[in-house]
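Q: I would like to learn how to read strands, helices, cores and ring pairs from a model. Can we work through them one at a time?

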Amino acid sequence: MGPTTPTAATTAVAAAVAVVASVLFLRAAWPAIATRHRRRGLGADASQATDATNTDADGDDRDARLARYGNAFPGIRTAGLISYADILKLAGSLGDAVNQKLFGSVTLNVMGASKLRWSLTKMDGFLASLPPRWAQLIGSTAVSVTNEGHRRIRGLLNSAVSKSEITACYHRINEIAKEELALLSAAGHRGASYDGAWMLPFSQRFTFRVISTFVAGADSKHEEVIADLREDYLVWSKGLADHTSSAWQPFSDFRTAMRARGRIAARIAGIVRERRRRLAAGGEPAADVLGLLIGGSGKAGGDAGFSDVEVVDNVVALLFAGYETTSSLLSTACHYLTRVLTAEQRAQLQAEVDELFDSSDAAGAAVPSERALQALPVLDALLKESLRIKTPVPGTWRRLSKDSEIDGSPVAAGTVLRVWLQPTMLDAAVFPDPDVFDLERFLPGGSAADGSISQYSYAPFSVGPRQCLGMQLARLEFKVLIAQMLRNYTVEPGKADSIADLYPFHRYSCSLLLTPKE
């Protein structure tokens, strides 16, 4: 009998077996590979090498070895393949500057108050820098990506998210919070067991509705179009975690996310065209973020509006930043509220919320005043400690545009900096027992009360000219939702355990059972 021609099925099976075998081999061989790299000074054990000698244990010239591995920073400790979790664990032992090969290029990880001040507070010499796929997903002219014209774009966006614009949405935020909490309560009470419901999907819908109102609320039809993009944004967000698939693999998370971005951009562009037609016909710019971005400041000699591409890119970025990070923060805080706070601390929080609403009801107000809500000390401490111990965005990026120096070591222009906010806020010298959720530290008289620590030691929204645009809105959303929840519901943990996520967002997914109060 002659040789048998393999069928397509047997070929596919053979290929699958080969892939599995390769994966198993790498998993088995990796400890030895990692050990070899550590011995050559590329792993966490690099901290054992002394800078006094220029030769390592293998007889290599250290500077030559560093150069061979693409490491441009002699004198700064080096780590090989390390994750964000490793950065958290190793921050203390590795110091506040760590080399790492990331996304195919050398990255200098920096953390600590002095490094945040060095890398984030200046525009001169420090450019915005994101992983290449993030830049594609967000858009090349978005304020978080662009360096050219940053001041003009940031100036208009600052006007769009000013305190007065946020306050104008305060009553609407309360309405949305009540509607979403009612849905969360109903979901948790379905069936006979009352298991509770996952907080994250509801907090995502709440924050997306709020940012949709903020961006396009002057026109209810346009607000509805924006709000309907939420499902596409959930697909889009998954692409942020895909750094490894082939750029043109058709069904990878990245390519799927890019298709979702195309749909999002097309819907936003349609709104932009319609609003430009209204302006051309003599209409006034709408009183929302889109109106400001399209029509400019409206002041003599003021900023002109954005081009269509700039509007789309920046609205894409605002919608994403305005919902994903705040929804993650809310879910995380609810985990600590229901599973970590003591009974006494919960009682203190409940008492101040009830007193706030009782005073508001006695005055005949529909909702408590924003100023009174913002002043609640226990609620504010819950917000700040949740941001400290598990901030949704643990770090940011910069790229040096000119040669610099860090701790006496030269750092060349073109170096990518990974600036870690989260490890900085876990510094035991500033925050005793940093891994412990401690509400007391941010209460009046606590170790981290207002004015007692540097803005560079506690920077959940970053610092400097690229600080988070929406931080005031995020704080307000947080306080409105938690206050409305405690006022109107008995809040208990759901039966499912919380799930900790590290990437791309640092958060807890938790389940809650909300029972309406009589």
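A: Start with strand pairing: two strands pair if DSSP finds at least two bridges between them. The model here is predicted. In it, strand E5 (residues 395-400) and E8 pair in the antiparallel sense, over five bridges.

Q: Is strand E8 (residues 416-420) enclosed or open to the outside, going by how many of its residues are buried?

A: Buried means under 20% relative accessible area. Five of the five residues of E8 are buried, so the strand is largely enclosed by the rest of the structure. Val416, Arg418 and Trp420 point one way, Leu417 and Val419 point the other way, and all are buried.

Q: Which residues does Arg418 touch, leaving out those up to four places away in sequence?

A: Arg418 lies in strand E8, and it is buried because its relative accessible area is 7%. Its contacts, with residues up to four places away left out, are Thr107, Leu108, Asn109, Val110, Gly395, Thr396 and Trp397.

Q: What should the 18 residues of helix H9 span at 1.5 Å a residue?

A: The expected span of a helix is 1.5 Å times one less than its number of residues. For H9 (residues 199-216) that gives 26 Å, and the end C-alpha atoms are 26 Å apart, which agrees. Of the 18 residues of H9, 15 are buried, so this helix is largely enclosed by the rest of the structure.

Q: Which residues touch the most other members in the largest nonpolar core?

A: A nonpolar core joins buried nonpolar residues through side-chain atoms within 4.5 Å. The largest has 111 residues, and Tyr233, Trp236 and Ile268 touch the most other members. Helix H14 gives the most to this core, with 15 residues. Apart from it lies another core of 15 residues, among them Trp118, Leu120, Leu400 and Val419.

Q: What does Tyr233 touch, not counting residues up to four places away in sequence?

A: Its contacts on that basis are Phe208, Ile264, Val315, Val316, Leu319, Phe320 and Tyr323.

Q: How are aromatic pairs read, and how many are there?

A: A pair of aromatic rings is described by the distance of the centres and the angle of the planes. The count here comes to 11 aromatic pairs. One of them is Trp134 with Trp397, edge-to-face, 5.3 Å centre to centre with 70° between the planes. This pair links distant parts of the chain, with Trp134 in helix H5 (residues 132-138) and Trp397 in strand E5, 263 residues apart. Trp134 counts as buried at 11% relative accessibility, and Trp397 is buried with a relative accessible area of 5%.

A second pair is Phe208 and Tyr323, also edge-to-face, at 5.1 Å centre to centre and 80° between the planes. Phe208 is in helix H9 and Tyr323 in helix H14, 115 residues apart. Both Phe208 and Tyr323 are buried. Together with Tyr233, Trp236 and Phe320, they form one aromatic cluster.

Q: How many disulfides are there?

A: A disulfide is a covalent bond between the sulfur atoms of two cysteines. The count comes to zero disulfides. Cys334 is in no disulfide, and the nearest cysteine sulfur, that of Cys510, is 5.3 Å away. That distance is too far for a bond. Cys334 is buried, with a relative accessible area of 0%, and Cys510 counts as buried at 0% relative accessibility.

Key
Residues are numbered from 1 along each chain as its sequence is written. Side-chain values use heavy atoms; hydrogens and water are left out. Buried means under 20% relative accessible area, exposed over 50%, partly exposed in between (1.4 Å probe, protein chains only). Helices (H or I, at least four residues) and strands (E, at least two) are DSSP runs, numbered from the N terminus. Contact means heavy atoms within 4.5 Å. A disulfide is a pair of cysteine sulfur atoms within 2.5 Å. Rings of Phe, Tyr and Trp (its six-membered ring) pair if their centres lie within 6.5 Å; planes under 30 degrees apart count as stacked, over 60 as edge-to-face and the rest as tilted.
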